[in-house]
Amino acid sequence: MTDDQTDSVPREAPALELRGVTKCFGPVVACDAVDLAVRSGEIHGLLGENGAGKSTLMKVLLGLVQRDEGTVLRHGERVEIPTPQAAVALGLGMVHQHFSLIEPLTVWENVSLGEPGRVKRDEVCDQIKTVGERYGLPISPTARVEDLSAGERQRVEIIKCLRRDPEVLILDEPTSVLTMAESQELFEVLRDVVAKENRAVILISHKLAEIMAATDQVTVLRKGSVAFRCRTSTTNPRELAKQMVGREVSLGTEGAALGLISEDSTPEEVQAAAEETPAAAPATTPTGEPTTPALTIEDVVVKGPDGRTLLDKFALTVSPGEILALYGVEGNGQATLGDLLSGLLEPASGTVAVNGATVPLNKVGSLHKAGVGVVPEDRHRSGVVLDMSVLDNLVMTDLGRVSGRFLLKRREARKLAARLIEQFNISTPSMDTPLRNLSGGNQQRVVLARELAGDPSVLVAAQPTHGLDVGAIEDMYARLRAAAARGVAVLLITTELEEVMALASRVAVISSGRVNGVLDIHEATAERLGMLVGGEAA
Amino acid sequence: MIGTEEITTIVASSLRLTAPLAFAACGEYLAERAGTQNISVEGMMLGGAFGSVAVASTTGSATTGLLAGAIVGLVVGFIHGNLSHRVQINTFVVGLVLNALVLGLTSFLIAVSEFDSNQVAQVNIPGLADIPIIGPLFSQRWPMYLLLLLIPLTWWLVERSRWGLNLRAIADNPQAADVTGLKVNKLRRQALLYCGLLSGLGGAYLATAEVGSFNMNMTAGRGFIVIAAVIFGAWRLKGTLIGCLVFGFADALRLALPALGFELNSQLLVAAPYLMALLAMMLFASSNREPRALGKPFVRGIT
Amino acid sequence: MSQDAGGSAATAGGSRRMPNIAQLMRPSERSVQVALITFVAVAVAVVASMFLVAATGGSPGDAAEALYTGSIADTAAWSETLKAATPLLLVALGACISNRAGVFNIGQEGQLLLGAGVAAYVALHLALPGVLVMILSLLAGALAGGLWSGASAVMHYTRNVNIVVSTLLMSFLAIQLVSFAVTVPWILQAPRASADSIASSESAQLPPEVRIPGFGQYPALEIGGGLIVSIILTIVLAVLLGRSRWGFRLNMLGLNPMAARHAGVRAPWLGGTALALSGAFAGLAGAIILSGQVFRLQPALSNNFGWDGLLVALIARSRPIAAVPVALLFGALRSGSSFLASTGVPNYLVDIVQALLVLAFVVPPVLAKVRSRGRAEATPPPAEPVPASTTEPEKVTA
C-alpha cells in the first residue's frame, strides 16, 4: 500500500507520531488505521482531497474529537489528548483559518483566549510584540480584530499559536485567504520557524502546487487511509495526484480540481489540456458579434453596517454563453457581491441590469424574477432550508410554477422534483427526505438544479466546489459548461486559480471591492493575475 | 407644592423601587453579554420573592430568607440553563414555561400557607442620612449596599475577568470560541446561574426589604422591564442601570403623585413604566452592540 | 444510500408514486422512543402534582375527583369544558401562525382583552340588527387584536425592537387600557343601577340579540357558536399552513429567513402579517368570550386564556389540528379547576399541571434528537467546514 522512503539511518523519535489511528462516525470511517510520523525540523505536508480525512485527523490531534483506536506518540512516548487544552500542553498548536478569532475583541484578548488563569494584559501585549518581531509578523496588540485584513488576521493566529511555544504547528489550508505574495511570506516564516527552532509543521492542503513548493515530506490520504508517503523532492505532482485520487489524472478538469496547475503553465497549455475532455471548451458566441450582455453591473456601492465600503463602484458585464470568472482572494467583496445578486442586500447606489433591463433592487425577489440564478457560497445560510425536504428545496424559489392561486399543486411539484432529481443525479432516499440528511455534494446539486430549473439568463456560482470531492467537482464543472453552452451567462466567483483556468473564457479580478482588471483567458498568466489580485495594475 | 421633603421622598422611593430591578439587571446583563437571552428573569424574581418570604418566616431571619431567595433564583437559572443549553430547547419556550411554572407554584403555595412578615434590617448612616434629597441614599436596608457592591463586581466580571472574556467571546462567535477550546454551552449555563442568583436576590429584596411579605404575582412583569433595560442600555451596564432608574422613578412617581395632590388616572400611572420601557426600546434599540449570537442555539459542527 | 422500508424511489414516474403505506404503518424507531418518553414525562407530571397536593395537606384523590367532576363527568361539565376550550383553541391557532413564521408573540393576554373591549363597545353602541352587530363586534375584536400586535410588528421591522418584549409590554398596556375603559362611563362603564349605588368597574351586559347563539342549553350539552367558528378556522388554517403558498413561505421564513429572502419572501410583510394575524385570533377569542360566554366586560375576562393558549400551541407544536385535543385537555383542566376550591386545593394546581405538561411534551423530542446526534458524535463533520460568511473579513477601506 505505501511506499515508505524514509532514511534507513535511525534517527531520534519523531516529534509526533500516529500509529493505527482510526475514527468512525457511526458507519462512516473517517480515518482508517492512519500512520503518520512528523519529525522536528521539517514541514510535513498532509495532502488529500476533501473528504479524505485530513480534518478529522487533525481534530483528533487537537483534542476536539476522540480516536477510536490507535496510539499517539510524542517523542516516542504514548500520550492522550482528551481536550484542546491537553493538546496545547503537549506542544501541539493549530493555526486556524477564519474560524477562531472573535471580532469585537482586541488582538491581545484573542491571543489569550482559551488559556486558563487570570487575564494578564500587559504580559500578553509584550509577548505579542516580541513574537511578532522575532518572526516578522508585526501586529498591534490593541487593535480590534474586526479592523484587520485577512493577512493580518492570519498573523494573529500564528502569533497565538507560536506564543504557546508549540513543538508542532498545524496549518489547515492557510493560503486560501492570502494573496500570492502573502503566501510566499507565510512559507518563509514557516521555514524560519522550522529550521531555526527545530519545530515541526504539518501543512494541510489539497493544492498540489503548494505541497510541492513548501514541504519536505508528504503523506497522502485517500478515503481515510494513507495512500502514499515520501520525501517531496523525490516525487512530482502527477504522482501525488494519482495517489490522491487513486487513478491516473489528466491535466484537464481533474487536474484543475486538484490544484495541479502550476504557476508556470500557460493558459494555452491549460486550454489544450481542458480540450482533452469532451464538451469542455467554454462556449463563445458563434458569430463573434457583440450581443447584449446578459448581466450588467454598474457602479455598485455597498457599505457595511459600520460604514466600511464593501463594494466600491463595482462594475462588470457578463455575456450570454460565456463563463466569466471573478477571481480574487477571499475577503475582497465576493461575499457581498454574492449576497447582492442573491437579493439579500441592497446597494447604496449603482444598478444591475439583466438583458438590458434594469432590475429594481429594492424589491425582494426581483433579481430572481429577472432571471438571475445563484448558487451561493454558503448554501446553509441562504441557499437551502435544511429542515425542509428535498422536494421543498427544489421548488421553493418558483412556487408559482407548482401552485394555483392559493394552494400548491402537490402533483406538479412532485413531478418537477422527480425530473430534477434524475436530471441532476441527486442521490437521496426519497424526495421527502430532509435536506439535512444529504451529503454536501448532493445538497449543492439540489441548489444548482433548482436555480437552473428557473431557466435563468444568468447563473452566479459562488465558490461552487468548496468542500466537494473530485467527483462532485467534475460534475459541477460539466454542468456549468453545459449551462454556458445553452446560452446562460455564468458568473463564477472563485478563489481557485485552477478553476479559473479550466472553466473561464474571461477572468475579472476583484480586489478591495472593485474590479481591478478584466483579461481574456489567453492573456491571463498566473503572474498577471497575481499582480491584479494584489491590487496592482498588470 | 413640591418641596425638598417631597423630592426626598420621591428619591427614596425611586431607589427602593429600582433596587430589585437593578439586582436582576446585573444578572441579565451578564447573561446577555454571554449571548443568552432569558425571559425567565420574571420567574427567577418571583421565585426568589416567594422563597425568601417562606424561609424568612420559617427561620425567623430575614437575612436567611434573602439568601434562600437568591438560591431559588439560582435553581430556576439552573433549570433554564440545562433545558436550553444542554437539551437545546428553544430558550423562549423554556423561559415562558418556567415563568408559568413558577407563577403557578408560588400562587398555589401562598394560598395554602401563612407566612409571618419579616423585613431585613435597615442601616442608617448617621449624619449623611439627614441630607435633604440625597439623604435616602444613606438610609437603606442593608441589601442595598450589597447591590452597590454587586454592580462593580458584575462590571469587573464581564470586562476584566477571564470568565468574562470567555463569555464575551462565546456571545460573538460560538463556533470560533469552540474551536479555541472554550466550552460554549457550559459557559452559557454558568452565565444563567449568575443571572438566576442575582435575579432571585432581586425578587427576595422586593419581598423582604420592600414589602415584607409575598403577594401573588408580586413581581408583575418586572422581569421584562429588566430585559427592556438591558436593551435600552445597549448592552452596557451603565445604560442598563440608568434604564432601571428611569423605570423605578416612574414607579415612584406613580405612587407619589396622588399623595402630592395630582389626580392622575391610576391605570395611566400603572401603565407608565411599561409605556416608558416601550418608548425607550423604540428610541434606543440599536442593534450594533447586540451580541451577535444572542439567543442562538449552539451545536458543534452544524453551522 | 437508500434506507427506505417501502421502496419509495424518488426517480422517474414520480407523479404516480404510491403513498408509502409501509412507512406510515411502521413508525420509525425514534418516534416510538419519543412517544414513550413523553408518556413517562406526562406520568411524572401528574405524579408530581399529586405529590404537591399531598405535601400541602390536600388529598390527591379528592383533587382528581374534583377535576374529573368539573370537566367531563356529565354534559354540564362537558359544556364548561367546551366553553373553556374555545378561546384556548383560537389563541393557539394564532400562535401557530406566528410561531411558524419565527415570530414569538407572547402578548395574547392583552390582545385578547382588548379584542373583548372593542367588541363590547361595538356590541353596546351599534344600532343595527342584532345578528349584524354580533358579527361586526366579533370582527372588530379581531381587528383590534390584530392592530395591537401589528403595532409590535411595525416597531420591530422599523426600529428593530425585540418582539417578545414588546408584545408583552403592549399586553400590559392593553390591560390597563381596558381597565380604564370600564371605569369611565363614556367608554364602557355600565350606568349605575340607581343614584346611590357605586359605579362598578365593568360594562353593561350585552343584550340577548347580540350574543353569539349556540346549540343546546346548559346543563345539557351546550355547544357555542364560538366553538363552531373555532373548528372551522382550525380546518381552514390547517389547509392553508400545510398546502398553500402562504403556508409554505411562512415555514421558510421561520426556518431560514435568508433563504426565504432569496426565494422572494418579504420578511417584514410576511412576518408582520403573521404577527398581526396571531393578535387577531387572540382578539377574536376575547370577543367570543364576551359575546358567547360572559356577556359583560370585566378586566378579569382574560383570565389567563392568553397565556394558556400559548402553552396549547407549544404542546401542539404549532400544528392547528393537534391544537384541538390539547385545547380540549386544557379546557377540561380549567373547568375542572373550578371544582377544586371545595376540596381545599387552590385551583393554581392546574397552572402547575399545565406548565409541567408543556415540559413533558416539549422536552422528549428534542432530547431524542440530541441523543441521536450525540450517538453518532454529530453527523460526520462536513469535509471542509463551510466558512460562515458572517465571519469573513470583508474589509475594504474606502
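The radius of gyration is taken over C-alpha atoms, and the rule for a globule is 2.2 Å times the number of residues to the power 0.38. For the 303 residues of chain B, a compact globule would have a radius of gyration near 19 Å; the value for chain B is 19 Å, which agrees. The structure is a predicted model, in which local features need pLDDT of at least 70 and side-chain atom pairs count only at pLDDT 80 or more, whereas totals for chains, interfaces and linings use all residues. Residues are numbered from 1 along each chain as its sequence is written, while chains are lettered from A and ligands numbered from 1 in the order in which they are written.

The C-alpha trace of chain B spans about 65 × 45 × 40 Å along its principal axes. Chain B contains 11 helices and two strands, where helices (H or I, at least four residues) and strands (E, at least two) are DSSP runs numbered from the N terminus. The order of these elements from the N terminus is α-α-α-α-β-β-α-α-α-α-α-α-α. Of the 303 residues in chain B, 58% are buried, a residue being buried if 20 or more other C-beta atoms, placed from the backbone, lie within 10 Å of its own. Two residues are in contact if their C-beta atoms, placed from the backbone, lie within 7 Å. Among contacts in chain B between residues at least 6 apart in sequence, 77% join residues at least 24 apart.

Between chains B and C, 40 residues of chain B are in contact with 42 residues of chain C. On the chain C side, α6 (130-159), α7 (163-181), α12 (305-315) and α14 (348-375) each supply at least two residues. The greatest contribution to this side comes from α14(C), with 13 residues.

In chain A, six strands form an open sheet of mixed pairing in the order β6-β7-β8-β3-β9-β10; two strands pair if DSSP finds at least two bridges between them. Strands β6 (92-95) and β10 (225-231) of chain A stand at the edges with a single partner strand each, so one side of each has no neighbour in the sheet. The twist averages 20° from one strand to the next, with axes fitted to C-alpha atoms and angles running from 0 to 180 degrees between N-to-C directions. Strands β7 (residues 168-172) and β8 (residues 200-205) of chain A run parallel and are joined by five bridges. Helix α6 (residues 180-197) of chain A packs on the sheet, touching β3, β7 and β8 of chain A, and its direction makes about 150° with that of β8(A).

How values were computed. Buried ≥ 20, exposed ≤ 12 C-beta atoms within 10 Å, placed from the backbone.
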